[in-house]
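Colleague: I have some questions about how the labels in this model were assigned. Can you take me through them?

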Amino acid sequence: MNPVQRRFREALLDAERAVPPDLQDGAGAPAGRRFSVYRNNVVVSLTQALHDAFPLTRKLIGAQSFDALAAHFVRKHPPTSPLMMYYGDALPEFLGSFEPLTHIGYLPDCARLDIAMRRSYHAADTPAVDPSAFQCAPETLIALRLALTPAAIILRSAWPVFDIWRMNSAEGGAKPRVMAQDVLIARPDFDPAPYLLPPGAADWLEALDAGRSFRDAHDHALQTTPKFDLAQALTIALQSGALTDSKTKDR
Amino acid sequence: MLDNSRRIDRLPNNAGVGYKPQHFDDLRADPGPVKWIEIHAENYMGAGGRPLAQMRVLSERFAVSVHGVGLSIGGETPLDPDHLARLKHLVEWLNPASFSEHLAWSTHDGQFLNDLLPLPYTNETLAQVANHIDQVQTTLNRQMLLENPSSYLSFAQSTWSETGFLNELVRRTGCGLLLDVNNVFVSATNLGLSADGYIDAFPLHAVGEIHVGGHDEDTDDHGAPLLIDSHGKPVDDPVWALLDKTLAKTGLRPVLVEWDNDVPDWTTLRSEADRAAQALALVA
């Protein structure tokens, strides 16, 4: 097989490798730093893609540190698909093992929040359940079957990721205290936002999404979290447009 | 659902711009001379959300060109069937006035490098690229346009000129061409060739669209000028002059202003489109 593109690719991501000898300038002299244009384009464009895709992570460690670590990451984990909107799935794990940053324990989950925001942004449009669906006879209500919309993503974290996000958002917030937080990322219209879930709500939403009836999901949440507050959880689910009764769920 | 009945089925011979989501409101309020827009296919391959919603609105009013940047038509490995299927889905949904891609590669061994990389022009690569174009045109059931690259170097093993290579691809596959005159200017400067000579040798009868865009200036190891196709600033005067010369030969064609990095406000981009419209007015 023709090895031209293999040699080219290997030298692109590894600046230690020699420029392939079949590359030349217009006069037939070795290409030299002309090859660096491609090396630079690849690393800069991939770094920029991550820079745009991980706003919270970038803010937490600063743009300069972020771009430096991104330049490491893109060489180790080049994209495997031309869909740059999904690039960076391996970043949370990379952050967890990247020596200079391992002391920031919450960083990987903050990167997961960035990923969830982006996935939600591009997810399929599914109409949220109308609140009037809950104004029905109790026997209808308990049998109701709902699911998460494709744009609704649950992130369970051992860290206060919602508070970290809020403190770093435009509106700002108090300095987070150490605690675990469950976060719902959802998209009422086109702009995804994180919602802090009260205890048990993540279990409740996941039970609904697994196909359990309204009553079964409630029972399940009460089992895991005796103080589960259905009214509070339902309010957040309706505000965020995270639940659908549409039968045509498409992920 | 997208209403396909009102779709414009070919690009108009007017000025267009590379569409950026931040211009959504301004473009509709004050399009100036802009009659069509171009989108990068890969940015509209999500399942839903704002990008597709914007396209539903804009495609009612503007002709749309879908411009792929990730198919790797010049690759020595087979086209990614998943990506081709996504492209087919997008093209069937949007029914754009045009689909175009690049004479370049970006994927190898399952790694996507997010850049338009060069290939040698040999009989072997000619057959590979022609096969890939056939595959795309058959899958999409439409003619595609292939864009000439910007080059920073050349391959010792090339046996075809770029214009000869493109001409032969047109002959073998029936594809059309997207002539990027900024790329012509960049490549000609970088490789010490004549831009006018390139245009003279180009199969102009096959040109379905013309691009202009901005470039940066650097130098190579020997201090010779090395232009970088950056799409991050206004179009340079020599490129506008090359557009005038090209349009004088091709006649009216759709002309697109590309500005992909450091994207300016709408007024600045629109004034570039005004200049493209003026170039077209000289031909009319």
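**Labels and cut-offs**

Modeller: Asp109(B) counts as partly exposed, because its relative accessibility is 43% and the class lies between buried (under 20% relative accessible area) and exposed (over 50%), with a 1.4 Å probe and protein chains only. This is a predicted model: local features need pLDDT of at least 70, side-chain atom pairs count only at pLDDT 80 or more, and totals for chains, interfaces and linings use all residues. Residues are numbered from 1 along each chain as its sequence is written, chains are lettered from A and ligands numbered from 1 in the order written, and side-chain values use heavy atoms, without hydrogens and water.

Colleague: What makes Asp109(B) and Arg6(A) a salt bridge?

Modeller: Their closest N and O atoms are 3.1 Å apart. The rule asks for a side-chain nitrogen of Lys or Arg within 4 Å of a carboxyl oxygen of Asp or Glu. Asp109(B) and Arg6(A) therefore qualify.

Colleague: Why is Arg34(A) called buried?

Modeller: Because its relative accessibility is 3%, and buried means under 20%. Asp220(B) is buried too, at 6%. The side chains of Arg34(A) and Asp220(B) meet in a salt bridge, 3.1 Å from N to O.

Colleague: How do you know that the span of helix α4 of chain B agrees with its length?

Modeller: Helices are DSSP runs of H or I, at least four residues, numbered from the N terminus. The expected span is 1.5 Å times one less than the number of residues. For the 18 residues of α4(B) that gives 26 Å, and the end C-alpha atoms are 26 Å apart, so the two agree.

Terms used: Helix = DSSP H or I, 4+ residues; strand = E, 2+ residues; numbered from the N terminus.
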